[in-house]
Each structure stands twice: as C-alpha cells, then as structure tokens.
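Subject: Handover of a structure and its findings

Dear colleague,

Please find below the structure that I am handing over to you. I would be grateful if you kept it open while reading the notes that come after it.

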Amino acid sequence: MSPTDELTQRHFFGDHDPQTLLERFGSPLYVYNEAIFRQRCREMRRLIRYEPFTANYSIKANSNLALLRIAREEGLHADAMSPGEIYALEQAGFKPEQIFFVPNNVSAPELGYALERQICVSLDSLDQLALAGRLSPGLDVAIRINPGLGAGHHAKVITAGKKTKFGINAEQLDEARAIARRHHLRITGVNQHIGSLFMEPPAYLRAARHFFELAAGFPDLHFVDLGGGFGIPYHKLDGEARLDLQELQEGLDLLVSDFVQRYGRPVTVKTEPGRYVVAESGVLLGTVHALKENDGVVYAGTDIGFNVLARPMLYDSWHDIVVYRDGQPLEADPDRLQAVTVVGNICESGDILAKNRPLPPLCPGDQLAVLDAGAYGYAMSSNYNNRLRPAEVLIRQDGTAALIRRRETTEDLLRTCLEI
Ligand code: LLP
C-alpha cells in the first residue's frame, strides 16, 4: 500500500465521527482533512522534476481561505478566474507574482483590477488581447491558446477543441502576434487547459506535446502553462485506480527537456490543478430525513440538495456514498444492499444525488458521507430555494476539528436586498 493509500484510508474524521460533527456544526456539512489536502498539494508541487516548475492551484475548485493558506504554505502558486478570486488569494497571503489571472470575457475594469496589482494576465481572445493593449501598452502578457483538442468527463467541462468558447485558435496566432506588435505587448507566456478529469497520462502528454509545438512559435517566452484537469478516482469504493503520477512525471520530464533544448533557453513550466488538490480531502455529510416508495423506486430524502452539491445534477457525476448510523459506518454487505435513489430537499425533480444506488437499507436519522466532494462542491453551492450554504470544518492534523466557515443564517439571505 502506498503512503497515499494509507492516507486516504486512515480515519478521515480525526477524533470525531459524522454524528458528533453534525451535532456540533449542523447538517449538511463540508468536512476537509488537512493531512490529505497537504499530501495532494505536495504531489502536485513535485509533479515535474524539471526546475523552474510551478503548480498553480486553481482556486475555482475550492476557495476557502483556510485551505488557500495551507496551499500557499505548501508552496503552490495559484490561478484566478475573476477579481473575486484574486481578492481571496491576496487575503490568503499570495503575492502578486504568485497569482496568474486567466479570465474569460472580462470587462476593462476587471482586467484593470489585475493589471493595477501587477498580476500576470492571460488573454483568451483577440478582442481581450487588444483590450489589454489599450489598457497597458508595452505590457508582458500571456495568451490562452485553444490547441484544437479537448477532453473531459462531460461536454460541459471540455475547454478546448471546436465546441468551446475558450482560447485563441491555432489559426489565429499570427493575428494575435500582430495585435501584440501593434500595442507593443510582449507575449511572454502561453497557457492551455484542455478540460477536466483525465485518468490516463497519455491523453495529457499528447496535449502537452502538441502545445509545446505551438509554444515554439513564440520567441519571448518566460513560461509555458500546460493547464489542469488531473483526475481523481470517484469510484474508489469499487477499486478504481489512481492517476499514475509516476508515468505522468516521466512523460512530462521528457517533453519538457526536449522542448527546452530545442527552444535554446530555460522557461518556467506551470500546471493548473484544481480538483486533484482538493477533491479527496473533502467529504460532504448530510442526514436522511424520509424514505418513501413511488412506482417501485425507493427514495431517500436528505438535506443534500443540488444547492449544496451541484455536480450530480449538472454532469450526472458519481460520488461514492458511505452510510453511517449513530456515527459508525454501516457494512456494505452485498446480500443486503437495496437500490435507492438519494434525493435532496429542493423543489425540482432533478434534485437527485444518486440514482438507484445500492446502499445498506436506510432509516431516517442515518448520516450520509458523500466522498470526494472537496472540489467544485461548496464552490458551486447556492441559495436556491433560500436554503443556507453549509458550514465547512477542517480536521487538523492533530485530529481536532476547526470551523473554517460558519453556516449561513437566514439573515444572510437578505443581506444584499435594499428597501425601496
Ligand atoms: N485552469 C483552467 C483555465 C480551468 O478552466 C480549470 C477548470 C482548471 C485550471 C482546473 O481544472 P481541474 O484541475 O480542477 O480539472 N465544475 C466542474 C469542473 C469545471 C472545471 C472548469 N475549469 C466539475 O465539477 O467537474
């Protein structure tokens, strides 16, 4: 068993169990494990042996301040998609040179927000490149290139190729160079992100090889950013294998050294992992409130609606579920499993967390632990139906639990409304 497996399988909840956590902090509840989070940060930080190498944590996956501070301590830099993400990163202590702004369709003031702070920006269309040129002639900039191939776990998260809004197409690169010349911009960085959640290194390596070929057409590069998308095993209870980081590392090291040799001087290599860093360190806890049967389907009604975890409804994503009763995990005895459709408390039929999922027979009061919920969980939660966003708790390395975001209150729901 590798050290990583040991980490994932050790007691996730430290000195606590799901029941005591829910009693103390309320249900539903996001719980993160610091040791696992740090371990994943280190794996990404050491992904490539070549130096200079930077792993930019993509904070759209999870922007809790306490986690951002830990990621910074672990030596990660960060990428930001919006001024709000830049703000959170600054509050977490990231310096401007540790932030890479990779926006899409930003306004002039939003771009200005990053430029004022001397944060490196990447422009992902010819219009946005020209906008940067008008705002800051003479600037060093990066461009996001759409390399023409995309990949991902769902059409909605494929961010390169023909059917996407992202990036400057390979055929437009001459025009991009011309716009840059006109505004005296120097293209010192290129980045790509082909999509989210690949489990096989060859897919990423193919895209990286192709990207290095495109990068070679830019003589002033300081960095090449290969993007994120590193997958995690969402079916781990069925024994799904992890992404082979060793294979990825060997492949990337070869590609990078080959590129640097041909390019004639060293450049910084960057990646942008989001999910890989934080998904597995997060578990979403919730409570079963009602069971019913309708037309042969057994429904388990819980407080985990799509306002709390949107991924299953948006992408039909799978999250493993472990059932706890009185704080103890229920044995998943194969002879006693019962297919159940786990739903939330939101006023829509699509509010389904898991369809026909074989689980131990459930009772009201049982606790559910939804695994691998640390990435794109809280980050995509909402107040739909005037539901409150849950609290977030961090299980420290000494086993204690620290509240790192309070649960919203009903007053919070009206905080931005104005009387007329
Ligand atoms: N860099 C850029 C430019 C991106 O657009 C993204 C994700 C990342 C990095 C990080 O990707 P990651 O390593 O986390 O796969 N909500 C979806 C995922 C959307 C990802 C959008 N872009 C989900 O829950 O699966």
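The notes below begin with the ligand and then turn to the backbone and to individual residues. Please bear in mind throughout that this is a predicted model.

The ligand and its surroundings

The ligand sits in the second largest pocket. Around the ligand there are 17 residues, and the closest of them are Ser196, Glu272, Arg275, Arg311 and Tyr376.

Which atoms of the protein lie 2.3 Å, 3.0 Å and 2.7 Å from an oxygen atom of the ligand? For Ser196, an N or O atom of the side chain is 2.3 Å from a ligand oxygen. Gly274 takes part through its backbone, with an N or O atom 3.0 Å from an oxygen atom of the ligand. Arg275 also takes part through a polar backbone atom, and here the distance to a ligand oxygen is 2.7 Å. On its own the ligand has 590 Å² of accessible area, and the protein covers 94% of it.

Pro28 belongs to the loop that runs between α2 (18-25) and β1 (29-33). Pro52 is in the loop between α3 (34-45) and β2 (53-58).

Positive phi values are found at Asp326, where phi is near 50°, and at Asn385, where phi is near 65°; neither residue is a glycine. Asp326 is placed in the loop between β13 (321-325) and β14 (328-329). With a relative accessibility of 56%, Asp326 counts as exposed, because the cut-off for that class is over 50%. Asn385 is in the loop between β17 (367-370) and β18 (391-395). The relative accessible area of Asn385 is 35%, so this residue is partly exposed.

Asn104 is located in the loop between β4 (99-101) and α6 (108-116). Is Asn104 buried or exposed? Its relative accessibility is 12%, and buried means under 20%, so Asn104 counts as buried. The side chain of Asn104 has a polar contact of 2.8 Å with the side chain of Lys165. A polar contact of 3.3 Å links the side chain of Asn104 to that of Asn105.

Asp244 is in the loop between β9 (223-225) and α10 (245-263). This residue is partly exposed, since its relative accessible area is 36%. A polar atom of the Asp244 side chain lies 3.0 Å from the backbone nitrogen of Glu247. Asp244 and Arg387 are 143 residues apart along the chain, and their C-alpha atoms are separated by 40 Å.

Distances in sequence and in space

Gly286 lies in strand β11, which spans residues 282-294. It counts as buried because its relative accessibility is 0%. How far apart in space are Gly286 and Leu29, which are 257 residues apart in sequence? The distance is 6.6 Å from C-alpha to C-alpha.

Ile70 is part of helix α4, residues 65-73. A relative accessible area of 5% means that Ile70 is buried. Ile70 and Gly26 are 44 residues apart in sequence, and their C-alpha atoms are 25 Å apart in space.

Val157 is found in the loop between β6 (140-146) and β7 (168-169). Val157 counts as buried, at 12% relative accessibility.

With kind regards

Note on methods:
Residues numbered from 1 in each chain as written. Predicted model: local features only at pLDDT ≥ 70, side-chain atom pairs only at ≥ 80, totals over all residues. Heavy atoms only, no water. Near = heavy atom within 4 Å. Polar contact = N/O pair within 3.5 Å; in protein donor to acceptor, adjacent residues only side chain to side chain. Areas by Shrake-Rupley, 256 points an atom, 1.4 Å probe, with all protein chains shown as cover. 1 Å grid on protein atoms, 1.4 Å probe; cavity = no way out; pocket = protein on both sides within 12 Å on 5 of 7 lines; lining within 4 Å. Sits in = over half its atoms within 2 Å of the grid points. Helix = DSSP H or I, 4+ residues; strand = E, 2+ residues; numbered from the N terminus. Buried < 20%, exposed > 50% of the residue type's maximum accessible area, 1.4 Å probe, protein only.
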